[in-house]
Amino acid sequence: MAEASRWHRGGASKHKLHYRKEVEITTTLQELLLYFIFLINLCILTFGMVNPHMYYLNKVMSSLFLDTSVPGEERTNFKSIRSITDFWKFMEGPLLEGLYWDSWYNNQQLYNLKNSSRIYYENILLGVPRVRQLKVRNNTCKVYSSFQSLMSECYGKYTSANEDLSNFGLQINTEWRYSTSNTNSPWHWGFLGVYRNGGYIFTLSKSKSETKNKFIDLRLNSWITRGTRVIFIDFSLYNANVNLFCIIRLVAEFPATGGILTSWQFYSVKLLRYVSYYDYFIASCEITFCIFLFVFTTQEVKKIKEFKSAYFKSIWNWLELLLLLLCFVAVSFNTYCNVQIFLLLGELLESTEQYSDFYFLACWHIYYNNIIAITIFFAWIKIFKFISFNKTMSQLSSTLSRCIKDIVGFAIMFFIIFFAYAQLGFLIFGSQVDDFSTFQNSIFAQFRIVLGDFNFAGIQQANPILGPIYFITFIFFVFFVLLNMFLAIINDTYSEVKADYSIGRRPDFELGKMIKQSYKNVLEKFRLKKARKDEDKKTKGSGDLAEQARREGFDENEIQKAEQMKKWKERLEKKYYSTEIQDDYQPVTQEEFRELFLYAVELEKELHYINLKLNEVMRKVSAL
């Protein structure tokens, strides 16, 4: 009775385990299908925001304003500006010619300009360009006493505390008077500092000749002084053919050491979001995205309530929370951008005689693009959650989880040596080699050395003795020793994991087999009648074999034992030797062990009986 109870409990637990596995398979497949639809929707949404025309518009504008040379000086363009003289040549030459397109290439006016320039005949100049300067006060640095007789003025680097807010020069127009900022545009992060809004500002005229006279007047009256630290040139374009705005900012920074450093920003953005039918399709994808976000948030809240603190022990749950957070941030940015465009765009387009500050809208649009790009990156990473049930992915995750402690310990040692070399390179070559000009540049330069991209000639020229020593020792210790140790740790751990998997330590189920099993279950439902007919044929065939055995004189007990052995063999082979699940590792219940034991006993009896028959045959043969 007790033994029957144990058998009953073993069968019930086995059935319960099988049922839980079926539920887990169904749930996982449903989650995978739902997430796959969400990922497709997110991809359509993100790729719908960009198009190749953005790149081509930026390229043609950068070629016009950055690569066009000063007439008579082929090597002087905006990128190569190094002095104040070069700067004024650019302002009165390539910039002026690039901004004002008064007529067609054959001097014919084919359309009504409406007092507005059309760059490359297709891009409308919105409003008028603006030039803005920021300065620092005198005596923002201290001259050493021995040199005070030679130099009494000292202009330090730009900071908000050192900024000059007083009027200067002619003091008659806005370009000579400091103006506070009336915009919410973010501060500009340049090479030499972070520059805030406001400054000494003037806007260009609709007339090309008036603008040129303005530049000449500013140059003759020394608008650029020793205290000048940065000049911004801002303007915006709109191309109706591709429905894109191009916001352009040219920056000239004047370091305290003298000279000029130039930089630029070209932002092609789609501020008019919903114009064509495809745009409305993207809008529907955005609504679908919000619905998915609500569903996923509800699911995660239920999981947190159900599992409580255990929920946060899984790395996949942390990834899920990060993805939801990024989705909410993306929705917030998108909503804010659309609201600001609705409030400001009409006002900006109406002010044709003033500077139209589209830079604020462009920056927020770029922020939204960056957030949605990061979001879709982690959305693709989450795919590993579903394919981790695969044998290969399970090996990878097991390898990383086992060797993480060794990698962290090794990484500490690696970065100690790496940062030591970075500081050594910065102190030795920082004043002469651009790659080591700052500590941050030194770190990235060493990563490039590891990848094979380095300037050995510059290092050797900066220091003929320490340069080669630094390079050779860095390559030896970091590249040949430390990186190979890193690979050895992962390789050894992977070998251990692979050995464990070879003896049966495998995931409970694999995604591919889950899908295959589900597919077969569906087929079995359609082929149920056929399976029953095959079973009837097998039963009939088994009965024919038993009848044949009786006719040949076999005992009834032997026939029954043979049929029982055949049934056991078919059932056990189907369960343990099937090609469909032979790679799965499953625990053996007490009932299954008893069946296997009885089967082994019967096999032993059969082998003993066969051995006796063979001995009897051998004796008869020997007697002959």
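Helix α6 and beyond

Mentor: Let's begin where α6 begins: a side-chain oxygen of Ser314 comes to within 3.3 Å of the backbone nitrogen of Trp316, a polar contact (a pair of N or O atoms within 3.5 Å, one able to donate a hydrogen and the other to accept it; residues adjacent in sequence count only if both atoms are side-chain atoms). This is a predicted model, in which local features need pLDDT of at least 70 and side-chain atom pairs count only at pLDDT 80 or more, while totals for chains, interfaces and linings use all residues. Residues are numbered from 1 along each chain as its sequence is written, and side-chain values use heavy atoms, leaving out hydrogens and water.

Helix α6 covers residues 315-350; helices (H or I, at least four residues) and strands (E, at least two) are DSSP runs numbered from the N terminus.

Elsewhere, α3 (residues 84-99) packs with α4 (residues 208-220) at about 170°, their axes 10 Å apart; axes are lines fitted to C-alpha atoms over the stretch in contact, with angles from 0 to 180 degrees between N-to-C directions. That makes the two helices, α3 and α4, roughly antiparallel (over 145 degrees). In contact (heavy atoms within 4.5 Å) are residues including Trp88, Met91 and Leu95 of α3 and Phe215, Ile216 and Arg219 of α4.

In the loop between β2 (123-135) and β3 (188-189) sits Trp187, which touches Val194, Tyr195, Arg196 and Asn197, not counting residues up to four places away in sequence. Trp187 and Asn197 are 10 residues apart in sequence and 6.2 Å apart in space, C-alpha to C-alpha.

Key: Expected span 1.5 Å × (residues − 1). Parallel < 35°, antiparallel > 145°, perpendicular 65-115°, else oblique.
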